[in-house]
Amino acid sequence: MTSPAVRAVRLGPRSVAALVLVGAVGVAAFGWPFLAPPDSQVSAHAEDAPWLFAGLLVLLVAVVAATISESGLGPKAVAILGVLAATGAALRPIGAGTAGIEPMFFLLVLSGRVLGPGFGFVLGSVTMFASALLTGGVGPWMPFQMLAMGWFTMGAGLLPGAARLRGRAELAMLACYGFLAAFAYGTIMNLAGWPFMGTMASNISFDPHAAVPANLARFLAYCLATSMGWDLGRAVCTVVLTLTLGPAVLRALRRATRRAAFETPVTFDAPGA
C-alpha cells in the first residue's frame with residue numbers, strides 16, 4: 001500500500017486565484033499576435049508589446065510566488081526549494097548551445113511530480129530566474145521563460161496518480177509528459193521572440209497587418225526553421241534522463257519530503273527549557 005502524496009505547498013483559494021490570473025495574462029502575453037485584431041493598438045505597437053508584457057509578467061509572477069508563500073511555503077519547503085533551484089540552475093549551462101541537451105528539464109519534471117503543482121510553479125520560476133543570472137541570460141525574454149517554466153513544472157504536479165502510481169507506469173507517464181512539454185515549452189517561447197523579428201525574414205516573421213491564418217502559417221514555418229531541432233533534442237534528453245535516472249531521483253525526492261514532514265510545524269524550544 002502506498003502512502004498519500006506529500007505536498008510541500010497546499011494551494012488555498014487565493015493561490016489558485018492568483019495562478020488563474022497569471023495564467024490568463026500569460027496566455028495574452030504569449031498569444032497576443034493571434035488574439036489582437038490587425039487594426040488594434042497592440043498590433044500597431046508590435047515592437048513595444050513584448051517589452052510591456054515582459055514587465056507585467058515580472059510583477060505577476062512575483063505576486064503568485066508571494067501568494068503561494070503566504071499560503072504555506074514554510075522554512076522546510078524553502079530549504080528544499082533553494083537546493084533544487086540551485087541544482088537546476090547549475091544543470092542548465094551544461095548543454096547550452098548543444099542541440100537542446102538541457103538536463104534541467106528532467107529534474108523539474110520529477111520535482112513537480114513529487115512536490116506538487118504549487119511548489120512546482122514556484123520552483124520552475126525561481127530556477128529559471130537563477131539560471132538566467134548565472135548564465136547572463138537576462139533580458140525581455142526572461143519573464144516569459146520564468147512563466148513558461150513555472151507552467152512546465154506545475155503541469156508535472158497535476159499529473160494523475162500522485163499517491164498510487166509507481167514504477168514503470170509512472171516513469172512512462174513522466175517521460176511522455178516531459179517529451180510533449182519540452183516541445184510545448186519551445187513553442188510558446190517562440191511566441192515570445194517571434195514578434196521581435198520585424199522584417200528580418202519576411203516569409204516567417206510576424207506581420208501585424210496580416211490576418212490570423214496568415215500569421216499562424218508564418219509562425220509554424222518559423223518554428224520548423226528555427227527551433228524544431230533544438231526542441232527535439234530537449235525532448236529526447238528529458239525522456240532518456242527520466243527513464244535512466246528517474247527511479248533514483250524520485251526515491252531521493254520522496255525520501256526527502258517524508259523526512260521534511262512539511263505538514264508538521266517547526267517549533268523552537270524556549271531558552272533554558
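Modeller: Before we start, buried means under 20% relative accessible area. Keep in mind that this is a predicted model.

Biologist: Thanks! Is Phe105 buried or exposed, then?

Modeller: Phe105 is buried, because its relative accessible area is 0%, and the cut-off is under 20%.

Biologist: Which ring does Phe105 pair with, edge-to-face at 90° between the planes?

Modeller: A search of the whole structure finds 7 aromatic pairs. One of them joins Phe105 and Phe152, edge-to-face, with 5.1 Å centre to centre and 90° between the planes. Phe105 lies in helix H5 and Phe152 in helix H7 (residues 142–157), so this pair ties together parts that are 47 residues apart in sequence.

Biologist: And Phe152, buried or exposed?

Modeller: Phe152 counts as buried, at 3% relative accessibility. Phe105 also forms an edge-to-face pair with Tyr185, at 5.2 Å centre to centre and 75° between the planes. That pair links distant parts of the chain, with Phe105 in helix H5 and Tyr185 in helix H8, 80 residues apart. Tyr185 is buried too, at 7% relative accessible area.

Biologist: Which residues do the ring pairs link into a cluster?

Modeller: The cluster holds Phe105, Phe152, Tyr177 and Tyr185.

Biologist: Switching to charges. How many salt bridges are there?

Modeller: The count comes to 4 salt bridges. In one of them, Arg113 pairs with Glu170, and the closest N and O atoms are 2.9 Å apart. Arg113 sits in helix H5 (residues 104–115) and Glu170 in helix H8 (residues 167–193), so the pair ties together parts 57 residues apart in sequence.

Biologist: Are those two buried or exposed?

Modeller: Arg113 is buried at 2% relative accessible area, and Glu170 is buried at 1%.

Biologist: What about Arg254 and Glu170?

Modeller: Their side chains meet in a salt bridge, 2.5 Å from N to O. Arg254 lies in helix H10 (residues 228–260) and Glu170 in helix H8, so parts 84 residues apart in sequence are tied together. Arg254 is buried, and so is Glu170.

Biologist: Nice. How far apart in helix H10 are Asp231 and Arg234?

Modeller: They are 3 residues apart in helix H10, so about one helical turn separates them.

Biologist: Which residues are linked with them in a network of salt bridges?

Modeller: Glu102 joins Asp231 and Arg234 in that network.

Technical notes. Residues numbered from 1 in each chain as written. Predicted model: local features only at pLDDT ≥ 70, side-chain atom pairs only at ≥ 80, totals over all residues. Heavy atoms only, no water. Helix = DSSP H or I, 4+ residues; strand = E, 2+ residues; numbered from the N terminus. Buried < 20%, exposed > 50% of the residue type's maximum accessible area, 1.4 Å probe, protein only. Phe/Tyr/Trp six-rings, centres within 6.5 Å; stacked < 30°, edge-to-face > 60°.
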